[in-house]
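Here is a report on a single chain and its ligand. Read it with the model open beside you.

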Amino acid sequence: MNSIVTINQLEKNFGEKQVVKKISFEVQKGEILCFLGPNGAGKSTTINILSGILGYDSGEMNYKGKSIKSCLNEFKQHLGVVPQDLAIYEELSAEQNVKFFASLYGLKGRELEEKVTKALDFVGLLERRKDKAKTFSGGMKRRLNIACAIAHEPELLIMDEPTVGIDPQSRNHILDSIKKLSKHGMTILYTTHYMEEVEEISTRILIMDSGTIIAEGTKESLKEDIFDERQFILEVEEEKNLNIDDFYTIEGIKKVERKEHELTITTLKNIENLDKIIAMVIKNKAKILNLFCRTASLENVFLRLTGKSLRD
Ligand SMILES: Nc1ncnc2c1ncn2[C@@H]1O[C@H](COP(=O)(O)OP(=O)(O)OP(=O)(O)O)[C@@H](O)[C@H]1O
């Protein structure tokens, strides 16, 4: 993959406080790169630096191999930003808002009209285009915020927690839109502390905590790297017949827990022992009603890496 943006040893302090601690990463063409981390991790600071809103203390930022400082106008022309706080004019209509932002990128005349219509249609607000933003729900305002950022069809779209505090329907709409934009070739850098969103849309993830990137990879590789265990969950009948100690005689078993009808068995991933587990249940004269294998979640990955939960 080609890298669009390369960040090298980026550092930002607010007074004595080190907020971004010499981080390095790349944004590759066509990906949906999710920045996942708890509040205060430094995600917004990092992307505010990248989008030119904030300065930085040291490090390098390149756009297609050139220093961003040396080609700032070119870079900004290809950049769309959806800030965490809404950046729309309440007294203007949806259409006027999008027009205003798109015209900042030099669009005018028929092309402007067409792109504004396309952006409003894309976020599902075309029918409300003449209505003032102040009459919109929180979710609709968020969608309008996105329309303002995409009308000029940027190559790279940076989105800072665009779904915070909105209803599930608008949230789904936004996530679907992001997947569609990606299919059309847009590269997306997306920050969030919602794991489910990362699970749904990311093609790659950077996990950030306390100003550093603590892990990087696809959701599959992150889970794979960190976990050498898997869990079998068995729903059983006649569970009182089960002798838990018997299961520990099976190679690879690390933990066996029984909660009413549910038997949770944690075992080493590289040891094939499911046949022995099933045989043991049958030997104990219990009956298996259902069985599934639990894969590791990103929440668990974060917990393992930092010892704390993402939503603390
Ligand atoms: N202008 C500022 N002055 C001083 N400290 C700041 C400033 N902006 C951010 N910080 C601090 O920097 C740290 C990182 O904040 P940042 O907003 O980048 O985190 P975040 O991961 O984006 O979290 P959130 O999801 O809450 O936005 C926090 O401790 C925050 O309080």
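## Basis

This is a predicted model: local features need pLDDT of at least 70, side-chain atom pairs count only at pLDDT 80 or more, and totals for chains, interfaces and linings use all residues. Residues are numbered from 1 along each chain as its sequence is written.

## Overall layout

The chain has 11 helices and 14 strands. Helices (H or I, at least four residues) and strands (E, at least two) are DSSP runs, numbered from the N terminus. Along its principal axes, the C-alpha trace spans about 80 × 45 × 35 Å. The domain assignment gives domain 1 (3-224) and domain 2 (228-295); such bounds come from an automatic or database assignment. The centres of domain 1 and domain 2, taken over C-alpha atoms, are 45 Å apart.

Of the 312 residues, 36% are buried. A residue is buried if 20 or more other C-beta atoms lie within 10 Å of its own, exposed if 12 or fewer, and partly exposed in between, with C-beta atoms placed from the backbone. Two residues are in contact if these C-beta atoms lie within 7 Å. Among contacts with a separation of 6 or more, 71% join residues 24 or more positions apart.

## Nonpolar cores

A nonpolar core is a set of buried Ala, Val, Leu, Ile, Met, Phe, Trp, Tyr and Cys residues joined through C-beta atoms within 7 Å. The largest has 64 residues, and Val98, Ala147 and Ile158 touch the most other members. Helix 5 (residues 138-150) gives this core its largest share, seven residues. Beyond four places in sequence, Val98 is in contact with Val116, Ala119, Leu120, Ala147, Cys148 and Ala151. A second, separate core has 11 residues, including Leu263, Ile265, Ile277 and Val281.

## Helix 10

Helix 10 covers residues 274-283, and its Ile277, Met280 and Val281 are buried. Seen down the helix axis, the buried residues fall within an arc of 100 degrees, so they line one face. That arc is taken over the directions from the helix axis to the C-beta atoms. On the other side, Asp275, Ala279, Ile282 and Lys283 are exposed.

What covers the buried face? The cover over the buried residues of helix 10 includes strand 11 (229-237), helix 9 (244-247), strand 13 (262-268) and strand 14 (287-294). Lys285 follows helix 10 and has a positive phi, near 60 degrees.

## Lys12

Lys12 lies in strand 1 (residues 3-14). Is Lys12 buried or exposed? Lys12 counts as buried because 23 C-beta neighbours lie inside 10 Å. Leaving out residues up to four places away in sequence, Lys12 touches Val19, Val20, Thr45, Ile49, Tyr56 and Asp57.

The ligand is surrounded by 13 residues, and the closest are Phe14, Asn39, Lys43, Ser44 and Thr45. By class, the shell has three nonpolar, seven polar and three charged residues. Here Ala, Val, Leu, Ile, Met, Phe, Trp, Tyr, Cys and Pro count as nonpolar, Asp, Glu, Lys and Arg as charged, and the others, Gly among them, as polar.

Strand 2 (17-28) and helix 1 (43-50) are the elements that give two or more residues to the shell. Helix 1 gives the most, with three. Seven of the eight residues in helix 1 are buried: Lys43, Ser44, Thr45, Thr46, Ile47, Ile49 and Leu50. Just after helix 1, Gly52 has a positive phi of about 85 degrees.

Terms used
Near = placed C-beta within 6 Å.
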